[in-house]
Amino acid sequence: MSKNMLLWVVLSVCALPCMGMDRRQPSVAESTLDKITFYQTQVRRIQGQINGLRRDSGPTLNQAQAAMLARYEDELRIASEEVESLEKILVRAEQLAELSTSESTRIKLSADKSAAQIAEAETAAVAAREMTQQAQITANKDIQLSQNARAIEEGRQQIALGQERTKQLNKLVWGVPLGIIASLATYFLLKHLLVHRPTIIEKDDTSIGNTPPLPHFDRLILSPAREKQLMNVFNGISRAVKKKLPLSNMLFWGPPGTGKTMAAQAYVRKLSREGLIDHVIVRGSAFKRLDSAGKAQHALAHIIRWAKKGSKRPLAIVFDEAEAMFVDRDAPEANEMTRDLTTTMLSFFEKAADPKKFFIISTNYPQKIDRALRNRIDKNNWIHFEKPGAAELERLLHVYIALHILNNKIAVSPELDAALPAIAQRLAMQGLVGREVDSLLVQVLYRVLNGEAQELNPAIFDEVVSQIEQTHELHAY
Ligand SMILES: Nc1ncnc2c1ncn2[C@@H]1O[C@H](COP(=O)(O)OP(=O)(O)O)[C@@H](O)[C@H]1O
Ligand SMILES: [Mg+2]
């Protein structure tokens, strides 16, 4: 044998295992079709055997022939059932194959791509499942538009159907990650159905498409009179919502840092969590950042449109730091932006009381707010957030000691409790508000961490409060 010939033989033998490597794996439909053909042949064969037996035996069968016939008939029944169930599987497989082909094309993820792509798809599937759960919770809370709720219900049915199909297919088809494809399809379906929140609204500032965080009434310290007034006004809102009566607007006013935003947030979150209303908190500071009147008006109109579309319940809109938005139109500070915003707001809240909506305006400067808007608010609903008295300051000290000191696992000396009333008195003399007590306790925390005692004692408080007193004296001077 020549040298070349020998090389040819060796190469051919090596190539043998590679042959047929590019042969395509038969599809489920094809392999099911093969099985159907096989069982149909079986049916014909057994039928032939039965016919033969009948022909040979004549009208009466002996015992052996009868047993044979019974066995053939059993086999015939099993083969026919097999054909029938395979035909059903074939129909399902073809439908699913069709679904999988179109989905694969749309999301440009082919099942037989590299392992890296499959891993990526699995991560997306986990995210998709989370989104599905999120959307289902949202749907359960019944806060979508009726048309969205219907669409989500259909979506849910499709998910259930898709999951059932995925299960069946996973049993039938190995090596093809159809579960991932089905989850991605669900993800895109639900993403399309969800209502998009305007970017100017933070997630925690609305109940639309979202469960609002817990209201922290335990941290909100107000005078007993103010607490009572707020309770009455909001109980009135609850009753009016239940009886579909007109809802009244409110104005929260008072010095900065006294808890207006905090109170508005806590009460609307409570009502939303009870399923009575939906709310949006619109912050004046966010509007200040928009650089033109057109953009600002467009943003407010967008929020109103989105809120109306996304909510089936009565709607509460909180306009926080409203003096930045609704400046009285006759005031010298009014400009094109504030005038446009005021007009948009007034045309949405055209009545003084409406069973479908109400607003809360929170401001440090009530006199700056547009007159027409103020006229939409009953005088009983003007709620004054005054500076805290000594009793409230003592309660505020307890709240912020718990939040900044105890939460950080810092010890508190046993003498502190007895010292707090006097400290609160000194803070009241300086006219401190809730926000300042909060930052005071942060300063106290730093002192404890930098000091040697590593525990909070009255002496540390004394140092920080004395410093405040000196600064205030300096300002007064
Ligand atoms: N009444 C209060 N009770 C508890 N904390 C308060 C209170 N008032 C203010 N604070 C603290 O100060 C922060 C700012 O208060 P905020 O509600 O925005 O005041 P305002 O809206 O009146 O300017 C709050 O997040 C809270 O930490
Ligand atoms: Mg505020």
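Predicted model: local features only at pLDDT ≥ 70, side-chain atom pairs only at ≥ 80, totals over all residues.
Ligand 1 is surrounded by 17 residues. The closest are G259, T261, M262, G434 and R435. Two elements, α8 (260-273) and α15 (434-450), each give two or more residues to this shell. The shell also draws on two domains. At least three of its residues come from domain 3 (205-384), and at least three from domain 4 (390-476). By class, the shell around ligand 1 holds 7 nonpolar, 6 polar and 4 charged residues.

Helix packing was examined next. Two packed helices are described by the angle between their axes and the distance between the axes.

The axes of α7 and α8 come within 11 Å and cross at roughly 30 degrees. Angles under 35 degrees count as roughly parallel, so α7 is roughly parallel to α8. Their crossing is right-handed. On the α7 side, the contact is made by L230, F234, I237 and S238. On the α8 side, A263, Y267 and L271 take part. This contact of α7 with α8 comprises 6 nonpolar residues, 1 polar residue and no charged residues.

A second pair is formed by helix α10 (residues 293-310) and helix α11 (residues 336-348). Their axes come within 8 Å and cross at roughly 20 degrees. The angle therefore makes α10 roughly parallel to α11. The crossing of α10 and α11 is right-handed. Helix α10 supplies A293, A296, Q297, L300, A301 and I304 to the contact. These meet E336, M337, D340, L341, T344, M345 and F348 of α11. The contact of α10 with α11 contains 9 nonpolar, 2 polar and 2 charged residues.

Helix α13 passes α14 in a right-handed crossing. From α13, the residues in contact are A390, L393, E394 and L397. From α14, they are L420, P421, I423, A424, Q425, L427 and A428. The contact of α13 with α14 is made up of 9 nonpolar residues, 1 polar residue and 1 charged residue.

Terms used:
Residues numbered from 1 in each chain as written. Chains lettered and ligands numbered in written order. Near = placed C-beta within 6 Å. Helix = DSSP H or I, 4+ residues; strand = E, 2+ residues; numbered from the N terminus. Nonpolar A, V, L, I, M, F, W, Y, C, P; charged D, E, K, R; others polar. Domains from an automatic or database assignment. Left-handed = near helix turned anticlockwise from the far one by under 90°. Contact = placed C-beta atoms within 7 Å. Axes fitted to C-alpha atoms, helices over the stretch in contact; angles between N-to-C directions. Parallel < 35°, antiparallel > 145°, perpendicular 65-115°, else oblique.
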